[in-house]
Amino acid sequence: MEPFTSFTGTAVPLDVDNVDTDAIIPKQFLKRTERTGYGQFLFYDWRFKVGKERQDFILNEDRYQGASVLLARKNFGCGSSREHAPWALSDYGFRVIIAPSFADIFYNNCFKNGILPIVLSEDDVDLLFQRTNEKKGYQLSVDLESQRVIDSHGFEAYFEVTPYRKRLLQKGLDEIGSTLEFKDKITSFEEKHRIYYTIERNEKASI
Amino acid sequence: MGKTLYDKVYDRHVVYQGEDQPSILYIDLHLIHEVTSPQAFEGLRMNNRVVSRPDRTLATMDHSIPTTDRLLPFRDEVAKKQVKTLEENCREFGIQLFDLQSEKQGIVHVIAPELGLTQPGQTIVCGDSHTSTHGAFGALAFGIGTSEVEHVLATQTLKQDKAKTLAINITGELPKGTSAKDLILSIIGKYGHDYATGHVIEYRGEVIQNLTMEERMTVCNMSIEMGGRAGLIQPDEVTFNYLKDKQYVPKGEQWEEALSEWRLLYTDDDAVFDQTVEFDASEVVPQVTWGTNPGQGAGITDVVPSPENLPITQRKAAEKALQYMGLQSGTPFDSIKLDKVFIGSCTNSRIEDLRKAAKIVSGYRVADSLHALVVPGSQTVKRQAEKEGLDQVFIKAGFDWRESGCSMCLGMNEDVVLEGERCASTSNRNFEGRQGKGARTHLVSPEMAAAAAIKGHFVDVRNWVTKEREEVGS
Ligand code: SF4
């Protein structure tokens with residue numbers, strides 16, 4: 001995962017409330033067993049009609065080609081827990097998503113995939129939508145260290161992110177590795193923690 | 001200050017609480033299925049890691065499998081590969097798998113409770129957002145992404161900050177002819193699709209105490225449709241009676257010990273929730289959704305709303321939804337004609353759901369204009385239904401009677417709603433394209449779905465005339 005420090009990119013406005021993960025990546029693309037290559041399926045049913053790009057969908061407009069900052073509306077990423085959603089967004093090229101609110105699981109999944117989800121107030125988001133619509137090639141810059149979003153026309157907003165998640169993005173942390181450093185603690189927890197059953201081993205197990 | 005049920009379960013599972021990172025939370029039960037796990041296993045292999053506790057992990061296949069004859073080969077090559085990958089992964093890492101040949105196979109959220117794996121006070125995770133279902137037992141259960149599936153496989157823990165808490169106190173009495181599904185749809189309709197974001201919900205009050213375990217599961221199942229991280233219900237005698245003698249539940253002396261531990265799982269009187277709301281169940285009428293999120297619903301006696309009459313913040317979404325759904329404002333719900341009816345999914349595919357639907361269907365025939373199917377939640381449910389002769393009621397009426405799986409809830413297999421078709425579905429999501437590209441989904445209870453299948457359009461199930469069924473089966 002590419003470490004995230006600061007970033008500047010073209011913004012694209014997706015003016016829809018409650019964008020769910022079924023819309024971000026429809027289920028017919030969830031049967032693959034890889035983690036990569038989902039960008040081509042991003043927003044598939046909105047982006048394509050019988051395999052051809054739909055001109056009425058914002059991501060297909062010329063002026064937004066190469067966009068890497070997604071402006072979105074409230075409750076973005078609601079629905080299923082599929083991590084295929086951030087995989088598709090990041091594979092397509094998005095590094096930042098700005099919205100007034102996100103669904104929990106999606107929000108959490110973003111940090112594991114090098115995407116920074118930023119919550120700004122409704123008013124700020126409205127303003128950014130307006131500027132993106134008005135100014136061709138409108139760009140936003142994000143500085144993770146100081147937790148700020150700015151544009152070159154005087155916009156500046158501070159956003160919240162927990163120190164842990166910040167580090168996760170900045171350093172590209174191996175979360176599992178860092179938890180495994182607590183292996184002793186986990187083991188001693190297990191010794192006194194009671195669970196009333198044991199699930200049998202797979203009888204076809206090879207190890 | 002006292003503790004909420006959530007606090008109690010959470011605190012019991014904290015392995016490590018650091019200053020600079022979220023708590024490391026121990027996970028008691030990890031459920032796995034074919035769609036969100038392959039990349040997690042791949043990650044383990046790439047880093048030379050093993051599964052920490054195969055004995056706390058259970059796999060099944062449910063999402064992308066066919067629900068027709070199990071002996072026929074898969075027609076979908078990609079789905080077949082996914083299922084095969086799960087088989088190989090479970091073999092390699094020693095994880096118990098209830099595959100298509102297993103008599104215990106079923107939707108992951110149906111099988112864990114019926115096997116007695118879901119127990120009060122546990123932490124349960126699965127790479128599926130409807131894991132909230134298990135909260136009906138007073139277990140802290142939530143959906144996770146694939147990176148977290150890998151984390152749990154490798155460490156049997158999860159890093160998680162504490163959520164906020166929301167109490168929904170449900171007062172009054174659920175009126176005759178309405179169900180747990182109508183209750184939860186009404187709650188989501190009232191508060192909205194994202195109301196509980198960042199919160200763990202505790203459903204409280206007499207109405208909840210009077211629900212059966214299966215009804216409680218229907219309620220908790222849909223917590224995520226309100227944005228909730230999890231849903232919880234305090235375990236009580238109803239819970240314990242349901243669990244007693246289930247396969248994985250302790251027996252004898254251990255059962256008594258478990259009981260005394262489980263009886264401590266309640267919210268203290270002086271505990272404080274971050275938010276508390278009251279909901280009066282007496283007003284509930286059978287629900288039908290008209291939009292493309294579960295919060296866009298109304299009572300069967302209503303008409304399709306006009307966006308102008310909705311709060312300004314909901315208008316645009318409502319217009320878009322009505323357009324997608326092909327609905328005119330002002331249309332009475334009971335005049336909306338259907339092409340498909342789906343009875344199934346982890347929300348409503350348990351034995352009580354099938355009994356209730358069969359009671360409506362018995363003695364009637366499915367309308368000629370539509371295709372209706374019943375997909376039991378598990379092989380256990382299917383066997384039980386067949387023992388009671390419910391399958392015959394459905395088949396005689398003209399329903400398809402299928403093998404267990406997620407099926408048309410998300411249409412990853414061949415059970416899809418076609419473009420422009422309208423479906424009454426007992427599942428939990430009516431998102432655009434959820435049941436198939438261009439599919440129009442109306443969420444309803446099993447009773448409402450069954451009645452709609454007979455009439456070909458929605459009807460108020462409170463006025464349904466049931467016919468006596470001749471005794472069939474043993
Ligand atoms: S039945 Fe539907 S909601 Fe439930 S686990 Fe399967 S796909 Fe998910």
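**Pockets and cavities**

Reply: In this predicted model, 33 residues line the largest pocket, and those nearest its centre are A:Met1, A:Arg35, A:Lys112, A:Asn113 and B:Ser147.

Me: Which elements give two or more residues to that lining?

Reply: From chain A they are helix 3 (84-92) and helix 7 (175-180), and from chain B they are helix 2 (38-46) and helix 5 (146-155). Helix 2 of chain B gives the most, with six residues.

Me: And what volume does the largest pocket have, and what classes of residue are in its lining?

Reply: Its volume is about 930 Å³, and the lining is made up of eight nonpolar, 13 polar and twelve charged residues.

Me: OK, switching to cavities. How many of 30 Å³ or more are there?

Reply: The search of the whole structure finds four, and the largest cavity has a volume of about 210 Å³. It is lined by 22 residues, and the closest to its centre are B:His63, B:Asp128, B:His130, B:Leu410 and B:Arg434.

Me: Which domains does that lining draw on?

Reply: At least three residues come from each of domain 1 (5-275) and domain 2 (287-463) of chain B. By class, the lining of the largest cavity holds seven nonpolar, eleven polar and four charged residues.

Me: What about the second largest cavity, which residues line it?

Reply: That cavity holds about 90 Å³ of space, and its lining includes A:Asn75, A:Cys78, A:Asp104 and A:Phe106 from chain A, along with B:Thr197, B:Ile224 and B:Gly227 from chain B. Sorted by class, this lining has five nonpolar, six polar and one charged residues.

Note on methods
Residues are numbered from 1 along each chain as its sequence is written. Chains are lettered from A and ligands numbered from 1 in the order in which they are written. This is a predicted model: local features need pLDDT of at least 70, side-chain atom pairs count only at pLDDT 80 or more; totals for chains, interfaces and linings use all residues. Side-chain values use heavy atoms; hydrogens and water are left out. On a 1 Å grid over the protein atoms alone, a cavity is a set of points where a 1.4 Å probe fits but cannot get out, and a pocket is an open set with protein on both sides within 12 Å along at least five of seven lines; lining residues have an atom within 4 Å of a point. Grid points are joined across faces, edges and corners, and a volume is the space filled by probe spheres set on the points. Ala, Val, Leu, Ile, Met, Phe, Trp, Tyr, Cys and Pro count as nonpolar, Asp, Glu, Lys and Arg as charged, and the others, Gly among them, as polar. Domain bounds come from an automatic or database domain assignment. Helices (H or I, at least four residues) and strands (E, at least two) are DSSP runs, numbered from the N terminus.
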